[in-house]
Amino acid sequence: MSLFAAGLTDIGTRRSSNQDTLACTVSPEGDHALAVIADGMGGYRGGEIASRVVVEALMDALTPVLARTPAAQVPERIQTAITLAAERLEDTRRGRPELDRMGTTVVLAWVQQQRTWLAHLGDSRGYLLRDGSLCQLTRDHTVAQRMVDDGSISPDEVARLPFRNVLTQALGATAEPRATVTELALQAGDRLLLCSDGLTDALPEPNWLPLLGRWPVLDDQVRGLVDASLRNQADDNVSVVMIQYC
Amino acid sequence: MAVLSQLVDNVVANSFELDRPLMHLGRHPDCEIRIDEISVSAHHAVIEVEQNAYLDGAVDYYITDSASTNGTFINDIRLNGRQRLNSNDLIRIGWNLFRFIDEDENALEKTAYILEE
């Protein structure tokens with residue numbers, strides 16, 4: 001087996017700063033991979049700082065143990081790293097009132113041979129592409145998603161909801177944020193896709209598969225999605241990471 | 001508080017404040033929003049006003065058609081089931097046009113933020 005990863009972030013067409021941060025790494029043997037996207041918020045500087053601090057903390061904590069963590073301990077490792085990242089965020093905020101409202105979403109993929117764990121807080125998402133179909137693996141931590149879940153509104157109504165961007169969970173708002181962790185087994189040919197809401201807002205999901213089919217190489221596929229969102233005048237920062245299992 | 005403004009030739013002819021938890025629209029005299037016009041059923045639709053269960057201070061307005069003869073349309077799409085109204089939605093009751101205006105909705109922050117625990 002071999003894992004390949006590619007990632008790209010873009011400021012979008014309207015924002016003056018990119019408050020998304022991403023990172024991904026594949027072990028030299030190609031059998032382990034780690035990818036993170038964080039979408040910061042809380043003002044011009046706050047959002048940039050929050051997403052960068054959290055991604056750096058997660059990569060610092062998890063990269064060294066990526067290839068030597070028993071599967072049973074992976075969810076706990078991820079949660080410990082999330083807690084550490086929240087503490088780093090708090091340390092950064094201390095004594096800086098201008099960063100009072102900073103926070104960030106996070107979506108993280110840990111791939112260990114065929115097994116994968118996806119962890120998330122907020123509305124950055126993870127998807128699985130398998131056998132020509134696209135499946136969303138994460139459920140947004142938003143007020144809008146809760147209203148869909150309780151039947152108040154249909155999924156089609158979310159885009160028009162005035163408070164669709166209000167998150168119920170993210171790093172920065174709670175002392176001990178708990179990520180939602182999903183586990184799945186990969187099959188040969190599977191691709192994982194992580195993204196910030198800049199992609200999902202600008203480029204409807206039904207457009208993804210036809211676009212991705214145009215390019216055999218993962219880097220080109222990631223570039224193709226980001227470029228398509230920019231052509232649609234993406235007004236938020238757009239970030240995409242893809243991991244392929246061959 | 002939200003209002004329902006009846007439009008005639010694109011001019012507001014009448015305004016109804018949505019100030020009760022349940023408001024009936026129809027031709028019948030017991031309707032809180034009475035529309036005395038032939039295309040409107042006696043009990044045509046209802047609007048429910050509810051506090052949002054997850055977001056303090058947010059109020060949701062839901063409209064449901066009451067099996068009317070000529071239908072209820074939101075932004076030219078026939079209402080099927082219960083639907084949340086958003087400010088500036090155009091509502092057609094039979095042949096009567098209304099604009100739903102919720103000034104409080106415009107005050108909600110549009111950028112992403114996190115609910116405090």
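**Entry 1**

I began with strand S7 (residues 72-74) of chain B and looked for its link to S10(B). I found three bridges between the two strands, which run antiparallel. Thr72(B) has Ile93(B) in S10(B) as its bridge partner. A reminder to myself before going on: this is a predicted model.

Next I followed strand S10 (residues 90-93) of chain B onward to S11(B). Four bridges join this pair, and the two run antiparallel. I checked Ile91(B) and saw that it stands opposite Phe98(B) in S11(B).

Which residue takes a positive phi in the hairpin of S10(B) and S11(B)? I looked at the two residues between the strands, and Gly94(B) is the one, with a phi near 60 degrees.

From there I went to strand S11 (residues 96-101) of chain B and its link to strand S1 (residues 3-8) of chain B. This pair is antiparallel too, joined by five bridges. Here Ser5(B) faces Arg99(B), which belongs to S11(B).

**Entry 1: the open sheet in chain B**

I then traced a sheet of five strands in chain B. It is open, its order is S4-S3-S5-S6-S9, and its pairing is mixed.

Gln51(B) stands opposite Val59(B) of S6(B).

**Entry 2: where the two chains meet**

How many residues does each chain bring to the contact? I found 24 from chain A and 22 from chain B. I also looked up the area, and the two chains bury about 2100 Å² between them, with 58% of it on carbon and sulfur atoms.

I searched for salt bridges between chain A and chain B and the count is one. Arg160(A) turned up again here, with its side chain meeting that of Asp89(B) in a salt bridge (2.3 Å, N to O).

**Entry 3: salt bridges elsewhere**

Over all chains, my search of the whole structure gave 16 salt bridges. I picked out the one where the side chains of Glu48(A) and Arg45(A) meet, at 3.1 Å, N to O. Both residues lie in helix H1 (residues 44-62) of chain A, three residues apart, which is about one turn of the helix.

**Entry 4: the second largest pocket**

I finished with the second largest pocket, whose volume is about 660 Å³. Its lining has 21 residues, and those nearest its centre are Arg125(A), Asp140(A), Pro155(A), Val158(A) and Glu205(A). Helix H3 (143-149) and helix H4 (197-202) of chain A each give at least two residues to the lining. Sorting the lining by class, I noted nine charged, six polar and six nonpolar residues.

Key:
Residues numbered from 1 in each chain as written. Chains lettered and ligands numbered in written order. Predicted model: local features only at pLDDT ≥ 70, side-chain atom pairs only at ≥ 80, totals over all residues. Heavy atoms only, no water. 1 Å grid on protein atoms, 1.4 Å probe; cavity = no way out; pocket = protein on both sides within 12 Å on 5 of 7 lines; lining within 4 Å. Points joined across faces, edges and corners; volume = space filled by probe spheres on them. Nonpolar A, V, L, I, M, F, W, Y, C, P; charged D, E, K, R; others polar. Pairing = 2+ DSSP bridges. Contact = heavy atoms within 4.5 Å. Buried area = accessible area lost by both parts, 1.4 Å probe. Salt bridge = Lys/Arg side-chain N within 4 Å of Asp/Glu carboxyl O.
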